[in-house]
Amino acid sequence: MVRVSNLAPPRAFCGLGRFHVLCLFLYPTILALLCLVFANPLRADTISGTVKDVSGGVVIGARIQITGGNLPQPLVLATDESGKFNAPNLAAGKYEVRVAKEEFDELVTAVDLKGAVDLALKLTITAQQISVTVTEKSTAFANSDAAYRQLRNAGLGDTFYAENFVLPIDVGTFELKSGTITLLAQVNQLETGAIFIGQGHFNLKPLGTLDTTEMVRRAGAPTAEEDFTEVVFRFTPDQFAQFKPTLVKKVATPPEAASAFQHWKDKVRHRHEVPEGFTQALLDSETIDNVDADVLAAIYNPKHPPFFNAYMHGSPHKDLRFFMRTRMGAIPQLDSPEEVALINFNGGGMDDGIWYSQHLKTELLAHAASSQQERRLFATRRYNIETVIGKNDHLFSRATITFEPLVAGERVMKFGLLPTLRVTRVTGEDGHDLHFIQENRKEDGSFYAVLDQAPAMGKAHTITVEYAGDKVVTNAGSGSYYIGARLSWYPNLNGFGEKALYDLTFKVPPSNVLISVGKLEGQSTEAGFAVTHWVTPVPIAVAGFNYGQYKKIDFPDTITHYEIAGYYLPDLPDSLRRYESSALGGMAPGAMTKYALDQARAQMQVCTLFFGKGPYENIYITEQPNFSFGQSWPNLVYLPISAYIDSTQRWLLFGHIDSKFTGFVQEVTPHEVAHQWFGHHVGWASYHDQWLSEGFAEFAAGLFLQQAVGSKWQKDYIDFWERQRVRILDKNNFGVSPNDAGPLWLGLRLISPKSAQAYQGVTYSKGAYVLAMLRSLMMADYGTPGNPDQAFIDMMKDFMELHRDIPASSESFKAVAEKHMTKKMDLQQNGRLDWFFREWVMGTQVPRYSFKYEVQPAAGGKFKVHTEITQSEVDEKFAMFVPVFADFGQGMVRLSQVAVVGNSTQTYSFLMDRQPKKVALNAYKEILER
């Protein structure tokens, strides 16, 4: 989904003040309320205060007018960079403080200056006749659920002696050799945790070959072995029974138990805003686990899917985590139903990473494991979101989510929401307030809503969330804005794991333009804001928008009849302003937008031809100030500003020709447009299957270079596949290539301190090669009537149609490929492509080829070509069909393909009507080779 060559900027935050706004939203004037927080105590001769908006962000430059007392004329001040103002040396008396700021409603407050003043503010917006009361009522529902408070503040309970106690959990085994087990204090008479202090050992032995290989790469051995001195266990109450056999002899609680528990809190309740490594980036994201909230779900629903977490402090690893969680997956942030995981949470350490992630042992032994297993607790049907973006770039929203429960009895809903967006109120279907959980954004600040009762199964229900904050829109200068939190700017229930309908209303300053997913159903002006209303005609996986001072160009497509529009920024962002009079002085964004739109239109046509009709009737191609980052949302493409800079300007900018970056610019538009098919039309089931999105979109970028750039396509096409080959096989400073890190199937888990680029190189580039090689295998030989790609096209259109409503997995794609495979591809004579997927999806072997040929005259004026193909650096079972090409004077023509098995040499002869100028193997580099 994303083409990126640099890290995103660190996340930042501005917290809420002590007041919370009720009845938030409806009108922009309400959203722009100012909270005037007076210093306490307030000196009798001074009026001072801080002006904030409802998100807690300070308001700079607000006009403060103080009248009354013995002032001969109004005293006018302005808030400073901290949002503060100060009016000293005032006489006692009655004053009026009037606060004004463009885009905000005016606030008037009376002050009787006679010593300390404690003001209770009630604001009435007369212009809209809507009353907004600023009280602490909503605060009473934040983090205040009674059972949650017990979990959050749980102390220690009874302690028992433990000796030679063995606790098997799936493929993991805990041996508590000698020490104590201290239970946590009960919550609603239920056990939810325990702490072991003493000498113990943990062992995890993977079942499968691939998992064992990965364990060797991570731990240096085929099994994980860890001695530990303390473990904190957290679990659903139904898991407590496993401890009962050892809970016999009560003993005094050791002081180390309390310190271990505090140490655990310090770790799991702390969020690294600037991650030091992969596990922190993954587990400390906006969906960081609040373990207490997760346990709360089981407190309220005895039939909640069970989980068992163990946090080990041992030797040599100080934070080794073993998770077993059914239904939602051991690591929900991975978007996978795999229930068992082992994580070495080691920040920037060289052994940081996910060491093991797999389905339950029982599922593996029964061959019942699948990436397509249901892992949701609730299914989202619809989002209705109203959003205001203020001139200070703060975002104020109200989202109503229509959902249906999938598990009976569930009351706790977890959403993905940027921690800088602070929830102010959650209400149920009848408008009554609901408890919610959102700890400090520097802590385990994920957002959970707590329903008063379990919703009825088989029926749709609604919940409404009001929230506000910043760091979604960041001013890049000159009408440009960075759009962050593209997946979590609204309370997102299941991420890319499902599709829902969206009804979106945006209110923004009239100088800016907002482009959203869906179709524009209406636009108007209201209270000084530009209002647009967008509706998605079909369910989509995620909603987003772009924002800035855009100019629009419509670009019709008379062939496919898609509605295409381009939005460009006429001025450079601040980051490039210094080049305005030099390298970028002649930049013509309007003309380059037409070039980008021409590419987009051509790619839409190519994708329609090869993959079928696109999922959306319209597409918006938008510029963004990010220089080397592209992204695609449903019918909304974000292109980097570098895509709007021509090759001469890039040369002036870099001082040389950067071939790698030239390749990125060449690929980014067709890649992102192709995501309308791969990623949005067809989603992916888990991290194992994301190559079906990124790799297929990358393949489509290569297809664009072959099909859409005219008759002289060969060089760009060959260069494209050579770049992919290099990205897969080039070794880094550690001597590790992306392909060395592991097979395509591992997805994000390929990332490690020694293989930081492995995910990008394998998922994108090798994923593209897998599809290219299937195309090569299915291509008809030279001279066969009809379209040589027809079998491949039929396969891809079938794949798209079969996965319109369900996410695709590697296994389900394999099934489609087997349905359409040619007779020649059936090497094992069983109608299956096990050999191909074992080699290229589950394996890491890449062959090396050498090629010789000889042309000899044959009878009847014909020519016989004898070829010799040698395959090496693979095992004896590795098989591949290698294409052979000939040049008769007008470029390379594919003759046929030759099967080679193992480290061997295969000879093959061709009889030709004409003498070729040259014969070559894999001329267009569509088969991956060393």
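The points below go from the chain as a whole to individual residues and charged pairs.

The model is predicted. Its protein chain comprises 17 helices and 44 strands, and the structure holds 47 salt bridges.

**Overall form**

- Along the principal axes, the C-alpha atoms occupy a box of roughly 115 × 80 × 55 Å.
- Of contacts between residues at least 6 apart in sequence, 69% join residues at least 24 apart.

**Surface, burial and charge**

- Buried residues account for 59% of the 930 residues in the protein chain.
- The protein chain exposes about 35,800 Å², and 51% of this area is supplied by carbon and sulfur atoms.
- There are 89 positive and 100 negative side chains, and the centres of these two sets lie 2 Å apart.

**Glu230, a buried acidic residue**

- Glu230 belongs to strand 15, which covers residues 224-235.
- Glu230 is buried yet has no salt bridge. The nearest side chain of opposite charge is that of Lys267, 5.9 Å away, whereas a salt bridge requires a nitrogen to oxygen distance within 4 Å.
- Beyond its neighbours within four places in sequence, Glu230 is in contact with Phe196, Ile197, Ala260, His263, Tyr311, Met312 and His313.

**Thr844, a loop residue**

- Thr844 is located in the loop between helix 17 (834-840) and strand 39 (848-857).
- Thr844 counts as partly exposed because its relative accessibility is 33%.
- Thr844 and Pro743 are 101 residues apart along the chain, yet their C-alpha atoms are separated by 5.3 Å.
- Pro743 is also one of the residues that Thr844 touches, together with Asn739, Gly742, Lys766 and Glu839, when residues up to four places away in sequence are not counted.

**Salt bridge between Asp433 and Arg425**

- The side chains of Asp433 and Arg425 meet in a salt bridge with an N to O distance of 2.8 Å.
- Asp433 is buried, its relative accessible area being 12%, and Arg425 likewise counts as buried, at 14% relative accessibility.

**Salt bridge between Lys715 and Asp719**

- In the salt bridge of Lys715 with Asp719, the closest N and O atoms are 2.7 Å apart.
- Both residues lie in helix 12 (residues 714-729), where Lys715 and Asp719 are 4 residues apart, about one turn of the helix.
- Lys715 is exposed, with 59% relative accessible area, while Asp719 is partly exposed, at 28% relative accessibility.

**Salt bridge between Glu873 and Arg930**

- A salt bridge joins the side chains of Glu873 and Arg930, at 3.6 Å from N to O.
- This pair links distant parts of the chain, 57 residues apart: Glu873 is in the loop between strand 40 (863-872) and strand 41 (879-887), and Arg930 is in the segment after strand 44 (918-921).
- Glu873 is partly exposed, with a relative accessible area of 44%, and Arg930 is partly exposed as well, with 33%.

**Salt-bridge network**

- Which residues are linked in a network of salt bridges? The network contains the arginines Arg152, Arg234 and Arg269 together with the acidic residues Asp292, Glu439, Glu443 and Asp444.

Technical notes: Residues numbered from 1 in each chain as written. Predicted model: local features only at pLDDT ≥ 70, side-chain atom pairs only at ≥ 80, totals over all residues. Heavy atoms only, no water. Helix = DSSP H or I, 4+ residues; strand = E, 2+ residues; numbered from the N terminus. Buried < 20%, exposed > 50% of the residue type's maximum accessible area, 1.4 Å probe, protein only. Contact = heavy atoms within 4.5 Å. Areas by Shrake-Rupley, 256 points an atom, 1.4 Å probe, with all protein chains shown as cover. Lys, Arg positive; Asp, Glu negative; His and termini not counted. Charge placed at Lys NZ, Arg CZ, Asp CG, Glu CD.
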